[in-house]
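Please look over the structure shown below before turning to the notes. They are arranged by topic and are meant to be read with the model open.

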Amino acid sequence: MIQPDIHEKARNFALKNGYQGKISLSSITSGANNQVYKLKVGEDVFLLKSYFHHQLDTRDRLGSEYSFVSYAWAKSIKAVPRPFYADSANHYAVYEFVEGQKLNAGELASEHVLQALDF
């Protein structure tokens, strides 16, 4: 089940950035700390990531990741998803949605290692 605040985050992103159309969300399996969703607004598709935060954990997970991805894009490194929007007050960011799949250990090939090294 998708938490109600995720729908609010999606609506806020669409409104603040001029995207119009029906909003739909589907959960993507991810790590234990963050929540990740495929976000559709009309015909546009994004990835919405809601970052874990706790008052006793002072790490800025969103700021670190969004800053790095933004820096990579500014330097024309396109091996990362395009950053669209970050809302640090509400702990979420929106990125380009890249179709793909998580590799299992047995599926890892030398080409994947070379891609990582190239990055």
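The structure is a predicted model, and local features are described only where pLDDT is at least 70. A search of the whole structure finds seven aromatic pairs. One of them is formed by Tyr66 and Tyr95, whose rings are tilted, with 5.7 Å from centre to centre and 50 degrees between the planes. This pair ties together parts that are 29 residues apart in sequence, because Tyr66 belongs to helix H2 (residues 61-74) whereas Tyr95 belongs to strand E5 (residues 92-96).

**Aromatic rings**

**Helix H2**

- The 14 residues of H2 should span 20 Å at 1.5 Å a residue, and the C-alpha atoms at the ends of the helix are 20 Å apart, which agrees with that expectation.
- Arg61, Leu62, Gly63, Tyr66, Val69 and Ala72 are buried in H2, and the buried residues of this helix pack against E4 and E5.
- An α-helix has 3.6 residues a turn, so residues three or four places apart point the same way.

- Strand E4 (residues 83-87) and strand E5 run antiparallel and are joined by four bridges.
- Within this pairing, Pro83 stands opposite Tyr95 in E5, and Tyr95 is the residue that forms the tilted aromatic pair with Tyr66.
- The two strands form a hairpin with four residues between them, and His91, which lies in the turn, has a positive phi of about 60 degrees.

**Lys49 in strand E3**

- Lys49 lies in strand E3 (residues 44-50), and at a relative accessible area of 14% this lysine is buried.
- What does the side chain of Lys49 make a polar contact with? The partner is the side chain of Glu65, at 3.0 Å.
- When neighbours within four places in sequence are left aside, Lys49 is in contact with Asn34, Gln35, Val36, Glu65, His91, Tyr92, Ala93 and Tyr95.

**Residues with positive phi**

- Most residues other than glycine have a negative phi.
- Ser76 is not a glycine, yet has a positive phi of about 65 degrees; this serine comes just after H2, in the loop between H2 and E4.
- Is Ser76 buried or exposed? With a relative accessible area of 56%, Ser76 is exposed, because the value is over 50%.
- His91 is likewise a residue other than glycine with a positive phi, near 60 degrees, and is located in the loop between E4 and E5.
- At 26% relative accessibility, His91 counts as partly exposed, and this histidine is also one of the residues in contact with Lys49.

Terms used:
Residues numbered from 1 in each chain as written. Predicted model: local features only at pLDDT ≥ 70, side-chain atom pairs only at ≥ 80, totals over all residues. Heavy atoms only, no water. Phe/Tyr/Trp six-rings, centres within 6.5 Å; stacked < 30°, edge-to-face > 60°. Buried < 20%, exposed > 50% of the residue type's maximum accessible area, 1.4 Å probe, protein only. Polar contact = N/O pair within 3.5 Å; in protein donor to acceptor, adjacent residues only side chain to side chain. Contact = heavy atoms within 4.5 Å. Pairing = 2+ DSSP bridges. Expected span 1.5 Å × (residues − 1).
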